[in-house]
Amino acid sequence: MVRDIVKKLMLLVVCILLAAGATACPDGEGHKNAFRPRFSPEEYRQREMAFITKKADLTQAEASAFFPLFHQMKERQRKLSFKNGKMMRKAWKGNLSNAESLAILKAVMENEEDIIELEEKYQKKFLKVVSASKLLKIKVAEKAFERRMLSNMAHGPRPRGPEK
């Protein structure tokens with residue numbers, strides 16, 4: 001009798017697990033209560049390019065000349081930022097001496113300076129393909145896009161009025 005109850009419970013658990021697995025949506029697609037879809041760098045890049053192109057009023061020719069440089073700069077900045085993150089994680093995990101902490105702080109600061117120098121270098125390249133006023137619009141649009149994406153990650157996408 002106890003065996004039969006245990007068998008029925010096990011069967012019930014297996015059925016529940018199978019049902020849950022069958023109704024699950026991969027990567028959160030198609031399910032209104034899904035947490036969030038998996039991050040796609042390519043989709044992010046496409047949305048960013050569309051947003052910046054629209055907000056900065058870039059022509060097709062300007063966008064075609066600008067975005068390869070922009071993505072090249074971003075990739076190089078990302079590598080430097082990754083190095084900073086790696087050093088900061090090391091500091092977070094370990095009990096470092098003052099000398100080790102100072103060395104990490106110095107290295108992080110040097111990386112930050114390299115990121116700024118890189119941006120200055122690329123700004124000169126950008127100004128060869130777009131005007132200064134458009135480059136400023138691009139920078140404003142880039143920050144607006146980042147804020148929107150962070151807000152969407154924190155609160156989920158919210159319905160917005162028509163784009164201006």
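Author: Start with length: the expected span of a helix is 1.5 Å times one less than its number of residues. The model here is a predicted one. In it, α3 has 34 residues and should therefore span 50 Å; its end C-alpha atoms lie 48 Å apart, which agrees.

Reader: Where does α3 bend?

Author: The bend is at Phe 66 and amounts to about 30°. A proline, Pro 68, follows within four residues.

Reader: How do I read the packing of α3 and α4?

Author: Two packed helices are described by the angle between their axes and the distance between the axes. For α3 and α4 the angle is about 175°, and the axes are 10 Å apart. Angles over 145 degrees count as roughly antiparallel, so α3 is roughly antiparallel to α4. Sorted by class, their contact has 15 nonpolar, five polar and eight charged residues.

Reader: And empty space? What is the volume of the second largest pocket?

Author: Rolling a probe the size of a water molecule over the atoms shows where empty space is left. In the second largest pocket that space is about 490 Å³.

Reader: Which residues of its lining lie nearest the centre of the second largest pocket?

Author: Of the 23 lining residues, Glu 48, Phe 70, Lys 74, Glu 142 and Glu 146 lie nearest the centre. By class, the lining has nine nonpolar, four polar and 10 charged residues.

Reader: Which helices supply at least two residues of that lining?

Author: These are α2 (41–55), α3 (60–93), α4 (98–126) and α5 (132–155). The largest share, eight residues, comes from α3.

How values were computed:
Residues numbered from 1 in each chain as written. Predicted model: local features only at pLDDT ≥ 70, side-chain atom pairs only at ≥ 80, totals over all residues. Heavy atoms only, no water. 1 Å grid on protein atoms, 1.4 Å probe; cavity = no way out; pocket = protein on both sides within 12 Å on 5 of 7 lines; lining within 4 Å. Points joined across faces, edges and corners; volume = space filled by probe spheres on them. Nonpolar A, V, L, I, M, F, W, Y, C, P; charged D, E, K, R; others polar. Axes fitted to C-alpha atoms, helices over the stretch in contact; angles between N-to-C directions. Parallel < 35°, antiparallel > 145°, perpendicular 65-115°, else oblique. Bend = angle between axes of the 7 residues up to and from the residue.
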